[in-house]
Structures are given as C-alpha cells and as structure tokens.
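Welcome! Please take a moment with the sequence and the structure below before reading on.

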Amino acid sequence: MDSVVEVLKNTMFFNGLSDRELKPFIKIMKRRKLTDRTILFMQGEPITEVFIVTAGKIKIFANDQTGKEQVLHFKQIGDLFPHVGFFRHEHYPAHAQAIEDSEVYSIALKDFEQVLMDNPSLSIKLFRILGDQISKLRQRLEEMALNSANERILLLLLRLCETHGTTMGDEGWVKLNTRFKNADLANMIGTSRESVNRMISQLRKDHAVRIVDGEYVIHPEKLKDELLNF
C-alpha cells in the first residue's frame, strides 16, 4: 500500500492529494512490467486505460504519411498519460513503446472517470493539467512556425533540461536522464538529423554541450547565451 501511495504522490496529477483522496485510485490501479521495446498501445486504438510510469522510459511517437517516425514525447517516472479521452470516446493519438525495461501502473478509463465523477475537485485539477498541456503544445507549435532550425534545437535542449534533466554540482551543468539520439531530437522538432549534428558539434566546440558515455550533459545558461546570437 505504502509503495503505491508513493507512486501516486510522485505523479503530477496526484501529488497534492491527501492519503484519503488517493484511496479510490489505489483500488483501481494495476501494476505492469514491460520489457524493452514492448508496445503499450497503438495509434488509433480506442482509449481503454491511462498509465503512470514508475520505472524506465516510454516513447510516444506517430508515423507520418510516408511512414517516417515522429517522436512526440518521452514519458518518465511520475508521468500520467495520455491526457486525452476523458469523458469522451477517443482513440490513442499516438503509439507508446518502452525504450528500456520499464514499469507502469494502468487504470481502466471507465474506473478513472467514475472516481472523477465522484470527486469533482479532482476533475478540476485534471482540467488544469490539460490546460497546461495545451499551453505547452501551443508553445511548441509557435517555436516550429517562428524560429529557425538552430533556434528550435536550442529551445528543445532547454526544454529537455527541465523535463529530463538532473543538475550536476554547482557549475550549472545538467545531465539528461534519457539517452537521445540526434535523430530523436530532429524528429521532435521537425528538422533533419544533419541540422542537429551540425548544431550539436558547434555547441560542443562552444563548451555548451558535452556527450559523456553517450549521454547529453548541457549547460542551460550557455544555451541561452547562444539564443541571443540569433
């Protein structure tokens, strides 16, 4: 019981709730272990469950008309997804796949909705989270439309520092907890891998980015300085 409570308290949607408010959710949660590359759901399937990541990483991606993969998000510990489909008959908007051995808790959508209907204050909190997600999506669309490829790369790296980063010491460096390939970064902002390769090479020369054992280590303040040059 205590471990499940900790899972919920580390999830954005639940972290402000009391133990009493968490009890209805604990009753409807199911633990699932996923091996690397396991598909959790496919784009277009009816939404039947929502998920909370408790270990590992989940890649959210879609395929365009040519079949090219477009990475949308990487979900990590504490993330609840998807955010669409509550109180509506929706379909999963993308594919979800474990990119390493992972663990999630699943909640049947019909059970989740019933708890929300029984607790209106929780519904209000969910809608606030949905509003935050819409704002972030709008920001990304604006970045795509208004900024150059190099600016989009810098903004993406800054965003990943916030969502997937751990601060290292007191010198301002941040290590990304997820291993990103340059192709992943390119897909996330709709540019070419070659553009990312060139920009990362320049940032390494400028001592704003390091790659240590295949993992990105980034200095956000130096990236912000780079943005001023555009």
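The model is predicted, so local features need pLDDT of at least 70 and side-chain atom pairs count only at pLDDT 80 or more, while totals for chains, interfaces and linings use all residues. Residues are numbered from 1 along each chain as its sequence is written, and side-chain values use heavy atoms, with hydrogens and water left out. Helices (H or I, at least four residues) and strands (E, at least two) are DSSP runs, numbered from the N terminus.

**The sheet with β7**

- Four strands make up an open sheet, and their order is β2-β7-β4-β5 with antiparallel pairing; two strands pair if DSSP finds at least two bridges between them.
- β2 and β5 (69–75) are the edge strands, each pairing on one side only.
- From one strand to the next, the twist averages 30°; angles run from 0 to 180 degrees between N-to-C directions, and axes are lines fitted to C-alpha atoms, for helices over the stretch in contact.
- Strand β2 (residues 39–41) joins β7 through 2 bridges in the antiparallel sense.
- Along that pairing, Ile39 stands opposite Gln97 of β7, and Phe41 stands opposite Ala96 of β7.
- Strand β4 (residues 58–63) also pairs with β7 in the antiparallel sense, over 4 bridges, and Ile58 has Ala98 of β7 as its bridge partner.
- Which way do the residues of strand β7 (residues 95–98) point? His95 and Gln97 point one way and Ala96 and Ala98 the other way, and all are buried (under 20% relative accessible area, with exposed being over 50% and partly exposed in between, for a 1.4 Å probe and protein chains only).

**The sheet with β12**

- Another open sheet of 4 strands has antiparallel pairing and the order β9-β10-β12-β11.
- Its edge strands, β9 (165–168) and β11 (209–212), each pair on one side only.
- Here the twist averages 30° from one strand to the next.
- β11 pairs with strand β12 (residues 215–218) over 4 bridges in the antiparallel sense, and the bridge partner of Arg210 in β12 is Val217.

**Helix α5 against α8**

- Helix α5 (residues 149–164) and helix α8 (residues 220–227) have axes that come within 10 Å and cross at roughly 155°.
- That crossing makes α5 roughly antiparallel to α8; angles under 35 degrees count as roughly parallel, over 145 as roughly antiparallel, 65 to 115 as roughly perpendicular and the rest as oblique.
- The crossing of α5 and α8 is left-handed, a term for a near helix turned anticlockwise from the far one by less than a right angle, with right-handed used if clockwise.
- In α5, Glu151, Leu154, Leu155, Leu157, Leu158 and Cys161 meet Pro220, Leu223, Lys224, Glu226 and Leu227 of α8, where contact means heavy atoms within 4.5 Å.
- By class, the residues of this contact are 8 nonpolar, no polar and 3 charged; Ala, Val, Leu, Ile, Met, Phe, Trp, Tyr, Cys and Pro count as nonpolar, Asp, Glu, Lys and Arg as charged, and the others, Gly among them, as polar.

**Helix α5 against α7**

- α5 packs with helix α7 (residues 193–205) at an angle of about 65°, and their axes are 10 Å apart.
- α5 and α7 are therefore roughly perpendicular to each other, and their crossing is right-handed.
- Asn150, Ile153, Leu154 and Leu157 of α5 meet Ser195, Val196, Met199, Ile200 and Leu203 of α7.
- This contact of α5 with α7 has 7 nonpolar, 2 polar and no charged residues.
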